[in-house]
Amino acid sequence: TASAAEMGDRGLSDGSPQEMTKGRSSHAVASRCCHPFFSLLVAALAVGVAQLGREVLKPARPWVHVVEERVPTPWRDGALEQFVSLFPEGELRSVFSEYAKSLPDLRGTTVTALGLPGKRAAEQGLMAKHPVILIPGFVTSGLELWAGQECAGGQFRRRMWGTVEMVSMMTTSKDCWLRHMDLDGVTGADPPGVRVRAAQGIDAADYFAGPFWVWAPVIESLAQIGYTSSEIHFAAYDWRLPFEVLETRDYFLSKLKGSIEVLVSAKGEKAFVCAHSMGTNLWAYFVKWVSEPQPHGGGASLSWVEDHIDSVALVGAPHLGTASVLMGLLAGDAQSFTVLTGALGYALNAIYSPATRRRLLRAFGSAQSLAPMGGNAVWGDATSSPDDEEDLILARGLSHGAWLGMRTPTGTTAAEAESALAAMVAVVAGEIQA
């Protein structure tokens, strides 16, 4: 007769009530496991997990910008000529006309056929030469937490702006996120106990909130002609701050000046600067700052820009400001506040009321640098404007200046102003129809 230990070694039961109960329980579980419906459920779950695994482990695809083939239209084919015609006759139009002649003829060619510019440049034998300075625009630089309040515990150096983590915190910890993104509306300083700073390096703005590319195609194109992170300086900054506070708090302008000088010295070539959106205004501010005497400027010579900068590309430059920021400051319009679209954009608009967005944007001193500017020389006054056409506007006693500036001549009643506006709209509509 086998002992209990031997039966245990052989996987046999000793016949005890406990073992018999265990056997019945195991049999019941086995019966349930063998039920056809349960088997189908397990099989479906296994297929789902396998498919998810394949998607997660799949190699990342290169960025491809796909644009559908379109039939060329007279406007598209003659877009460049029409753009040149917008400039006043004289030397300025002549300069742009000569420049337009040097541009390649890309009519009827899609972006899909062109591919990334870097690939085409490499095929033409172009290689890296000038150090490159990239300056991002409004809301595109990542912001990370260096010190926070109790509600943000465990979030050290987590992105408060620019990643999927940001979206999670915006939706699940609304009040906490607002307290950390807010600024003092008078001093522009951080709230007590909070330090949020710009992320640094190329990762600061290559992608936004996961798959949405920002600078990634530009950086990849540069890499295709031989550039690496050693020849590219990505000048990320805290886009909430006024330009002067960027220097007093973060030393941004001084660091930008030093980075350009180091790259120019190391490469033996002047730098190429590419700035986008509000970054173009920041570059203009830097150009004036760098030669101003210290302590209010960089203390460099008047020839510093000529000595260190080869060329500049300004993309989407709001030199005279942009009307969209007024909608944000006045009404909390979300178009200026977020770059999220689709269902996620609608959800964020529902979570953060227009009043909340307006208050937050007003606390960002940088918004002032995007406000429309130029004065009467650009926008006109209540009686005339540079946009007026004598035969269509002034002959009827109307002016774009009154419309753009929301002003009416002294002594004009509300009814007269409304009538004049209706007449102007009718004139403009007639021009468009013609």
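A residue is called buried when its relative accessible area is under 20%. By this criterion, 34% of the 434 residues of the chain are buried. The model is a predicted one. Its secondary structure amounts to 21 helices and 9 strands. The accessible surface of the chain is about 25900 Å². Carbon and sulfur atoms contribute 60% of that surface. Among contacts with a separation of 6 or more, 68% join residues 24 or more positions apart.

In soluble globular proteins, nonpolar side chains tend to be buried together. The largest nonpolar core of this chain holds 55 residues. Those with the most contacts inside this core are Ile135, Trp161, Trp177, Trp239, Ile260 and Phe286.

Ile260 was examined with its neighbours within four places in sequence left aside. Its contacts are then Ile133, Ala271, Trp283, Phe286, Trp304, His308 and Ile309. Ile260 also takes part in a helix pair, on the H13 side.

That pair is formed by helix H13, residues 252-267, and helix H14, residues 278-290. The two axes lie 11 Å apart. The packing angle is about 80°. H13 is therefore roughly perpendicular to H14. From H13, the residues in the contact are Phe252, Leu253, Ser254, Leu256, Lys257 and Ile260. From H14, they are Leu282, Trp283, Tyr285, Phe286, Trp289 and Val290. By class, the contact has 10 nonpolar residues, 1 polar residue and 1 charged residue.

The loops on either side of H14 were considered next. Ser277 sits in the loop between strand E8, residues 271-276, and H14. Its phi is near 55°, a positive value in a residue other than glycine. Ser277 has a relative accessible area of 19%. The cut-off for buried is under 20%, so Ser277 counts as buried. Pro295 is placed in the loop between H14 and helix H15, residues 304-308. The peptide bond from Gln294 to Pro295 is cis. Its omega is near 10°.

A positive phi is also found at Val139, again a residue other than glycine. The value there is near 65°. Val139 belongs to the loop between strand E1, residues 132-135, and strand E2, residues 143-147. Val139 counts as buried because its relative accessibility is 4%.

Ser366 is another loop residue, placed between helix H18, residues 354-363, and helix H19, residues 376-379. Its relative accessibility is 1%, so Ser366 is buried. With neighbours within four places in sequence left aside, Ser366 is in contact with Phe138, Trp239, Arg240, Leu241, Pro242 and Met278. Trp239 is also one of the residues with the most contacts inside the largest nonpolar core.

Ala317 lies in the loop between strand E9, residues 309-315, and helix H16, residues 323-331. Its relative accessibility is 27%. In sequence, Ala317 and Thr280 are 37 residues apart. In space, their C-alpha atoms are 5.6 Å apart.

Definitions and conventions:
Residues are numbered from 1 along each chain as its sequence is written. This is a predicted model: local features need pLDDT of at least 70, side-chain atom pairs count only at pLDDT 80 or more; totals for chains, interfaces and linings use all residues. Side-chain values use heavy atoms; hydrogens and water are left out. A nonpolar core is a set of buried Ala, Val, Leu, Ile, Met, Phe, Trp, Tyr and Cys residues joined through side-chain atoms within 4.5 Å. Buried means under 20% relative accessible area, exposed over 50%, partly exposed in between (1.4 Å probe, protein chains only). Contact means heavy atoms within 4.5 Å. Helices (H or I, at least four residues) and strands (E, at least two) are DSSP runs, numbered from the N terminus. Accessible areas come from the Shrake-Rupley method with a 1.4 Å probe; for residues, only the protein chains shown count as cover. Axes are lines fitted to C-alpha atoms, for helices over the stretch in contact, and angles run from 0 to 180 degrees between N-to-C directions. Angles under 35 degrees count as roughly parallel, over 145 as roughly antiparallel, 65 to 115 as roughly perpendicular and the rest as oblique. Ala, Val, Leu, Ile, Met, Phe, Trp, Tyr, Cys and Pro count as nonpolar, Asp, Glu, Lys and Arg as charged, and the others, Gly among them, as polar.
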